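Q: I am new to this structure and would like a close look at a single part of it. Please take me slowly through one element and its surroundings.

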Amino acid sequence: MTSAMPQDMSSRISDDHRDTAIERLQEAFAQGYINQEEMDERLQIALTAKTHGDLVPVLDALPDKDTGPTVEIEARGGRIQRGSGWRVPRAFKIESEFGKVELDLSQGIIEYPVIDIELRLEYGRARIVLPRDATVDYEELNAEWKQPVYKARRRSITAARTSGSPGPWATAA
């Protein structure tokens, strides 16, 4: 499963998002992709950024960050769960013989525009909650027992105004 993770450009960012942008700038400078003057300009913007949209010009035209190794999670049974505040890896593989997999990407810290998830379940259920405005490509998904379901989460008008509840979610069982 591959899902592009565009952020809501007007949503506020955390210190972790700013720190990640600054790290990318430092790497680009150290590798000679940007000069000192451009580094200073982009660094000033990153330090004062308040929204995801503010970080776009900071990271524009920088080389892709090293994706690092694939994170692998294996379980024979039970629950594999990731929720609030976890760093979402660029690529990860989850294997569960029996049990339940729950990944809440809407609550994670996402540093990559595309996330690759390889999910292998013998018996059990998987639920993946996506950030608002994310897209999913699950054309390669193989399911023998039940086909995957993708639907947008319904919210009442009051809830939409008072809470930042997660966006669409996908379920594969």
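A: **A close look at helix 3**

The buried residues of helix 3 are His 52, Leu 55 and Val 58, where buried means under 20% relative accessible area, exposed over 50% and partly exposed in between, with a 1.4 Å probe and protein chains only. Seen down the axis of helix 3, these buried residues fall within an arc of 100°, so they line one face of the helix; the arc is that of the directions from the helix axis to the C-beta atoms. Helices here are DSSP runs of H or I with at least four residues, numbered from the N terminus.

This is a predicted model, in which local features need pLDDT of at least 70 and side-chain atom pairs count only at pLDDT 80 or more, while totals for chains, interfaces and linings use all residues. Residues are numbered from 1 along each chain as its sequence is written, and side-chain values use heavy atoms, with hydrogens and water left out.

The buried residues of helix 3 pack against helix 1 (15-30) and helix 2, contact meaning heavy atoms within 4.5 Å. The axes of helix 2 (residues 36-48) and helix 3 (residues 52-59) come within 9 Å and cross at roughly 165°, the axes being lines fitted to C-alpha atoms over the stretch in contact, with angles from 0 to 180 degrees between N-to-C directions. That makes helix 2 roughly antiparallel to helix 3, a term for angles over 145 degrees, whereas those under 35 count as roughly parallel, 65 to 115 as roughly perpendicular and the rest as oblique. On the side of helix 2, the contact is made by Arg 42, Ile 45 and Ala 46, and on the side of helix 3 by Asp 54, Leu 55, Pro 57, Val 58 and Leu 59. By class, this contact of helix 2 with helix 3 has six nonpolar, no polar and two charged residues; Ala, Val, Leu, Ile, Met, Phe, Trp, Tyr, Cys and Pro count as nonpolar, Asp, Glu, Lys and Arg as charged, and the others, Gly among them, as polar.

Thr 51 is found in the loop between helix 2 and helix 3, and Thr 51 is buried, with a relative accessible area of 17%. Leaving aside residues up to four places away in sequence, Thr 51 touches Met 9, Ser 10, Ser 11, Arg 12 and Ile 13. Just after helix 3, Ala 61 takes a positive phi of about 70°.

Note on methods:
Helices (H or I, at least four residues) and strands (E, at least two) are DSSP runs, numbered from the N terminus.
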